[in-house]
Amino acid sequence: MAQGTIERPPITPLDISSVFSNVSRPIPTQAQTPQKIVATFQQVSKTYTNGCRALLDVNLHIRQGDFLFITGPSGSGKSTLLKLLYGAERPSQGNVVVDGQDLNRLRGNKLSLLRRRIGVVFQDYKLIPRRTVFENVAFVLWAQGFTRKEIHRRLIPTLKMVGLQDKAYCFPDELSGGEQQRVSIARAIVGTPPILLADEPTGNLDADNSWQVIKILKKLNAIGITIVVTTHDEQLVRQSGHPVVQLRNGRLYRQPL
Amino acid sequence: MLRFLTKSDYLLRETMLGLQRGGWMNWAAVSTVTVLLFLFGMSLQASWQFESLLNQFGSQLEVSVYLDTGIEASALKSAIETFPEVTRVVAISKEEAWQTLVSEMGLSDIQGATQQLNGNPLVDELKVQARSSDEVPLLAQKLTAVQGVDEVLYVDEAVKRIAQLNQGLNWLSFGITSVLTLTAIAVITTTIRLIVMARRREIEVMQLVGATSTWIYLPFILQGIAFGVVGALIAWGLIGGVQQFLAQLLAQQPDFIQFLADGLQLSSEKIVLLPLILLGLGSSVGLMGSLFAVRKFAVR
């Protein structure tokens, strides 16, 4: 696991890709043969216990190195789709398979271990108010049992990547919305997960900040991380030029590029 | 090794953070445990002291058996030794008893005394040691029934009363301890649950980033155990203080009471055992309380 990287010599702070070297894979290009599938939805339906129907008969394959946009109006089931991917919800019907593991049957510690391989950027950031930026990001590594030394080694390059190295000792309420969003991205990627899910990462941001966030995600995709982003911002999607699927009333539609 | 250090580093830090956030609730939990363990420790000690007091009156576990005239003590001794309640039998012939009596009365001329009374007036006697105070009355009954026994004497009442008192106190302390144990567990559960609630956001994030349940909840469980351990230490200190105070009070009393107080001294092994028992009970109460607090949250 990630602890294996402790022995490596210290790196120069700017060399981000070396921090993420344990996920580096050939950069996907259009011409390449299809990559390994990292996540699959098989005929997945989700109805919440209060009878609210979120997803209906969804089929989706996500391949290694993909950068996938999921669009749709609010309430169309985008967040539910991501929640199914990181095991916060379970499908009412069908199977969700991530990294070869059926999430229906995953409980307890096995689910925890799978979640370490999935970074999540939450719509509401989910930052801890009484901890600094540094602590909020380091929190993930503490929770996963990393050593102090390794936490320090990873933190600076990660904060640099999202452009927050100067705000490490600020508290979340001292940051702007865009900065808070970038903290939550830093927290999602500091554990070097091969899969990154971002739920409306640009939802509360202006165009400039949104584009900055997308640029960070593109950079992460370039070093081999599989990225799934939900958004209702069609403009942004067109600008970025990545594959898009659309959710309408719980059904999934593939959109031509 | 590195992993262990990382773990204990994390656990220690999180436990301290939890205690910091507990504020006055910590005090509520610790003081309940202290009261519980103080009362429990005092009653345990009192029970031990009664026991040693009983042992000091150990000679009164003894049953004196006076035989019919002409029956020899040594003849019955082996038969009585086979009784299951009996630990020891000493035969005292009437000659020995007479000699002791005469010398105790301060007479120097034993033959003269014997002649005056037309021979030795005493009978042979067996001193029978019972195994425990409970069995003394039954043993006495059995001994009365033996052929050749004239009379059986024992200090029935005193022994019985002390034993009864001890038993009563044991029941009382058992009752109080059980009620207070439940109270202490409830208070610890509430305290830790409040802290868990206050940190629910953090816990949620921890769960989402892949922390295992053990990793999340172990600090809370350690916190509960810390309540128990601190409570036990305070209770032990209080018991020591009370003991010291009583000892000073007794030192000014007349000799007879001091003689009784000697019986209240605990053996050195019990002096070590007391804090260990307090720590054990304290930490298990803390453990139970914190387990109840996180059980509901941990099942996911």
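Guide: Let us begin with a rule: buried means under 20% relative accessible area, exposed over 50%, and partly exposed in between, with a 1.4 Å probe and protein chains only. This is a predicted model, in which local features need pLDDT of at least 70 and side-chain atom pairs count only at pLDDT 80 or more, while totals for chains, interfaces and linings use all residues. Residues are numbered from 1 along each chain as its sequence is written, chains are lettered from A and ligands numbered from 1 in the order in which they are written, and side-chain values use heavy atoms, with hydrogens and water left out.

Visitor: Why does A:Glu89 count as partly exposed?
Guide: Because its relative accessibility is 23%, a value that lies between the limits of 20% and 50%.

Visitor: What makes A:Glu89 and A:Lys46 a salt bridge?
Guide: A salt bridge is a side-chain nitrogen of Lys or Arg within 4 Å of a carboxyl oxygen of Asp or Glu, and here the N to O distance is 3.5 Å. A:Glu89 sits in the loop between helix H2 (78–85) and strand E4 (93–98) of chain A, and A:Lys46 in strand E1 (residues 37–47), 43 residues apart; helices (H or I, at least four residues) and strands (E, at least two) are DSSP runs, numbered from the N terminus.

Visitor: Why is A:Lys46 called buried?
Guide: Its relative accessible area is 8%, and the label therefore follows from the limit of under 20%.

Visitor: What makes the aromatic pair of B:Tyr10 and B:Trp215 stacked?
Guide: Rings of Phe, Tyr and Trp (its six-membered ring) pair if their centres lie within 6.5 Å, and planes under 30 degrees apart count as stacked, over 60 as edge-to-face and the rest as tilted. The two rings are 4.0 Å centre to centre with 10° between the planes, so they meet the rule for stacked. B:Tyr10 lies in helix H1 (residues 2–22) and B:Trp215 in helix H9 of chain B, so the pair ties together parts that are 205 residues apart in sequence.
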